[in-house]
Amino acid sequence: MSETEVPRVSDRWKVAKEYAADVQGLIASPFADLPEAASLFLSLPENAGGSWLHALRQVIAVTPALGLTDPSIALAFTCSGLRQMGMDEAALGSFSREFREGMHQIDRSRRLGDDDKTTSIPGGPVWGGNTFDPYGKQATKTPVTVHAVLLLYAKDISSLNGLIAKAEHALSEAGVIVSHRVDIQVTEREHFGFADGVSQPILYGPAIVSGPGTESKWHRIPAGEVIIGQTNAHGDLAAGPIVAEVPEKPTMLGVGNAPPGYRDLGRNGSYLVIRELQQDVAGFWNHMDTEAAALGGGLTGEWLAERVVGRKIDGTGLLPETVLHPDSSVARTVNEFGYFNEDKDGLSCPLGSHVRRSNPRDGLARTQDEAHALVHSVNSHRILRCGRKFGPPPADPRQQDGVARGLLFMCLNTDIARQFEFVQETWLLNPGFATQADEVDPLMGPKGRMSIPACPFRHRPKIETFVKFAGGEYFFLPSLSAIDYLATL
Amino acid sequence: MRQTVLSVVLEVQPASASRLREIIRGIRKAEETVKTDADWYYDRLRHGVPLLQFMSMTVCEDAQFDPVLVIECNFDGAPGPFWAQLENLYSKELRDMLRCCQRPRGKLQALFDHVTAPESRAAIAPFLEAATIWPAVFHIGNRGLPRERSERETALFDYCQKRLDDEPALRSRTATEVHAALRTGALAQFPWLNKPEQPQVSTAENIADWANLIGFLVLAVAVLTVPGLLLRSTFPSWLPALLGILGTVWAGFHLNWMKDPALPGLMGLPNPPVIIFGIGGVALFGAVVSVGADRFLHWSCVSTVGAMICSAGALLAVILAWIDVLETADPSQTAPPLNEQKIRDQIASEDRITQNHMISIVHLKPGVLRAILIRAGLWGLGYFLRLQARDGYLASMRTIHFAHWAFVSNGSRLMFHSNFDGTWESYLDDFIEKAHAGLTLAWSSGVGFPPARFLAFEGATHGLAFKNWARHSMTASQFWFSAYRDLTVNQIERQVLVADGLRTPTLPEVKAADWARRL
Ligand code: HEM
């Protein structure tokens, strides 16, 4: 496999050459070398067809996973977008239920916690796909309807602006409008000030070339968790959409895993989850200070915030020597750790902290034997995060400045229900997660108590909500050949 | 402390199915609008039937059968008092529901007529009790914890939390002192802390659990060895030995794994081909012992034992090969017809409180071997679980309050109920990732189940196919009640530990620290 290696796009793993020209670059890398970016959320005219993609291609091309290019571009579609482009219902029906129904479907919205007014911006989320739902209960309508998202990444702000201007011009020629725009910057530190992007799954499989030092015990997941058509964590080929062959309309789409009479539209693609989450930085830090002071014992706002997140501000883990298992004194990278041996009771990293909820590793095990099996199980629920922050960093994190900022949360996965939704529902927002009662994720969940294990007994500060949902949707991130196909609609 | 899991399944007059659904929805609506204290739903039922833990009422449709009414009940104690409480509360509704059902034939008929006659005021409980279907296998998460006790312990737990929140001064004390301080206050409010609780599993139950499992194993061994014993006692020793070897050889030829030996081992067991070779070896060994002891040593007892061993080995080998033959030819439904509206109804009813409920009914695959194995399998699994799963854990999952499997429609269909914590997706993923063998064993006899090997392998590991299959067999219940809207299995057990600690007058520091971790 090593002869087929392609230029470096990520230091851990890359997409093998046979696939790299077809897979979108965003899957292989979050383009961290291109700090300035913009997400243009597009609304298509009625009966848009695919010709607007031609027009767009004249000025910018979607970036494949072949290596770093400046600028880089990614493109993804909502279900309502594909319908607007004229994709037939049978083909739409072959997408996953989550994608077809959309993030704002009434039951889904309830399950994702989005029906809770306290965790959404006043007036409710602004944008979504407004997916047509023939089964009675209409999705919550958002004021802005998004059909596609164009993500533009550049080295500096002036080349980004040039890129945006070119794209907007070509789009408006084709009748497509940018109905919502979020400018985003690379997220080494998210707005509360914490290091972000530390822990990521590491892909493996026939479509992947592993880089050096990726023999991780904790983070390896099969490529089918992110790339449609590859083997997933349940041992199946990750399912994706298919389209019927039309004899008079030859297509360059491959047969892939499609049954006879069909072409594989999903192969080498992925599902992209986007959620625009506003962060009230000053509110967060002032509240941390007050609550920490109320706990007494000289605890600081930083101390409390680090428990809420589950990592130190600089990104290092919270497991100090005092609770280290004798075996684990061996050197290890920051992210190669579990909780079972080191911190079963959460005395160092609280059981309910954001990081421990979003990836419990082996921490939910009862016995040593179970711990290993549980890592495997937990790794069937990982997501590849590629979000960025929006809005300027605050001058003083404790000073309210009235400027909107936050995280444009983005993640890639192939089974939205088993990956993104599972993380959000079963871990982050589950009041009974890991022996707890009536507590949810303190960072992004609704307000409530958070237990911080301590001696002789736990602290239990009240944590308010400082992260609010402003809009979001599930997108299909097609392969490059699938984009070519969509252009023929 | 005894708990009972049962269901009543009655055929519905097809034309009355929608009326029946309306009656059941009516009960639900009444419960959900009558709020007596603060914000509590189902007050009437909660107070009226204090024995009840979980209950569902569902009209299940099927293309091959008339609709059935399923009343699933999970409660404390014996059926008598429970039915009496339920009838006392819902006698009118229950009678109206029964009137929508078909008149049963056989011994239930007279009771049914009596209850459903116009203007009848006859007691309904005797009919429901007579029409009860007992589970083939069930699992109780919080075994031996009656609702009344869990409610007391919830109040105690909340009391402790409040005191710890309100009294920061406690933080500077030792764990032993914290325990003492909480106990002093708690005793005044919760005098029951001074009285002993009934054990979760009484000695009598414990003995019965062991006796059942041992009895089952003895019976299984007997069934496998008796043919050898009978043959050996009537025929010369070479005959059972020859039959055994022939059977084993037949099995060897029919096993498809020869072409596909890549099955994984499971739960520390070697993989199936190794097991089968081992079994063949046992049969051969028995045959040699039987003939050798008879011909050369004239030890007739040893010879008989040899014949019995040979018989057991050969029968097991034949059964496994037979299963393999059946499974290789089994059609599996890769795309079950999913009725979108039905699925939406299910999804709309889910994730409203801490627990969720599922009811599924599937058709059983035909054949005498399957009919025997599924019954024996569930029966044995049940006895095993009674001993193995007493602390809420089923394998590494601790999310199931009450679940059961039962045969319905005269044994041609298998019904599954579960009342579990968390989402349906996470529940099925738990099974797929952590307990697929047990689940496949119980469900692989269902028509259309994803391809399984040797009853327990693969099957449920085909994640998406399995989820689709499970979804399509389900029905959204018209009525579902949980006595604890926000208690997980885990939390109920946690409260037991907290209460147990407070029952103890003083705790030494190490124990007290351990106890305080639960708070
Ligand atoms: C504004 C909201 C959020 C903020 C500020 C935030 C912040 C963070 C931070 C600081 C980390 C630790 C550093 C790292 O491992 O990258 C982290 C980890 C993580 N977060 Fe978030 N997050 C937010 C929302 C979400 C959401 C909505 C999800 C998923 C539904 C999520 C999933 C994760 C995951 C999976 C990890 C990695 C955990 C691990 O593997 O150890 N986060 N987040």
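**Strands, sheets and the interface**

In strand β7 of chain A, A:S39 has A:V182 as its bridge partner. The two residues belong to a pairing of β2 (residues 36–43) with β7 (residues 177–185) of chain A, which is antiparallel and has eight bridges. Strands count as paired if DSSP finds at least two bridges between them. Strands (E, at least two residues) and helices (H or I, at least four residues) are DSSP runs, numbered from the N terminus. β7(A) also pairs with β15(A), again in the antiparallel sense, over two bridges. There A:I184 stands opposite A:F390 of β15(A).

This is a predicted model, in which local features need pLDDT of at least 70 and side-chain atom pairs count only at pLDDT 80 or more, while totals for chains, interfaces and linings use all residues. Residues are numbered from 1 along each chain as its sequence is written, chains are lettered from A and ligands numbered from 1 in the order in which they are written, and side-chain values use heavy atoms, with hydrogens and water left out.

Chain B has an open sheet of five strands in the order β4-β1-β3-β2-β11, with antiparallel pairing. At its edges stand β4 (132–133) and β11 (479–482) of chain B; each has a single partner strand, so one side of each lacks a neighbour in the sheet. Within this sheet, β2 (residues 52–60) and β3 (residues 68–76) of chain B run antiparallel and are joined by eight bridges. B:C60 is placed opposite B:V68 in β3(B). Helix α3 (residues 79–99) of chain B packs on the sheet and touches β1 (3–11), β2, β3, β4 and β11 of chain B, where contact means heavy atoms within 4.5 Å. The direction of this helix makes about 155° with that of β3(B); axes are lines fitted to C-alpha atoms, for helices over the stretch in contact, and angles run from 0 to 180 degrees between N-to-C directions.

Another open sheet of chain B has four strands in the order β5-β7-β8-β6, also with antiparallel pairing. Its edge strands are β5 (137–140) and β6 (355–363) of chain B, each pairing on one side only. On average, neighbouring strands here are turned by 10° against each other, direction ignored. Four bridges join β5(B) to β7 (residues 400–408) of chain B, and B:V137 stands opposite B:W405 in β7(B).

Where the chains meet, 38 residues of chain A are in contact with 41 residues of chain B. The area buried between chain A and chain B is about 3,400 Å², of which carbon and sulfur atoms give 48%; buried area is the accessible area (1.4 Å probe) that two parts lose on being put together, summed over both. In chain A, the residues that lose the most area to chain B are A:Y135, A:P456 and A:F457, together 20% of what that side buries.

Between chain A and chain B there are 10 salt bridges, a salt bridge being a side-chain nitrogen of Lys or Arg within 4 Å of a carboxyl oxygen of Asp or Glu. One of them joins B:D351 to A:R111, with the closest N and O atoms 3.7 Å apart.

Over all chains, the whole structure has 63 salt bridges. Among them is the one between A:R398 and A:D289, whose closest N and O atoms are 2.6 Å apart. A:R398 lies in the loop between β15 (388–390) and β16 (406–413) of chain A and A:D289 in helix α9 (residues 281–295) of chain A, so the pair ties together parts that are 109 residues apart in sequence.
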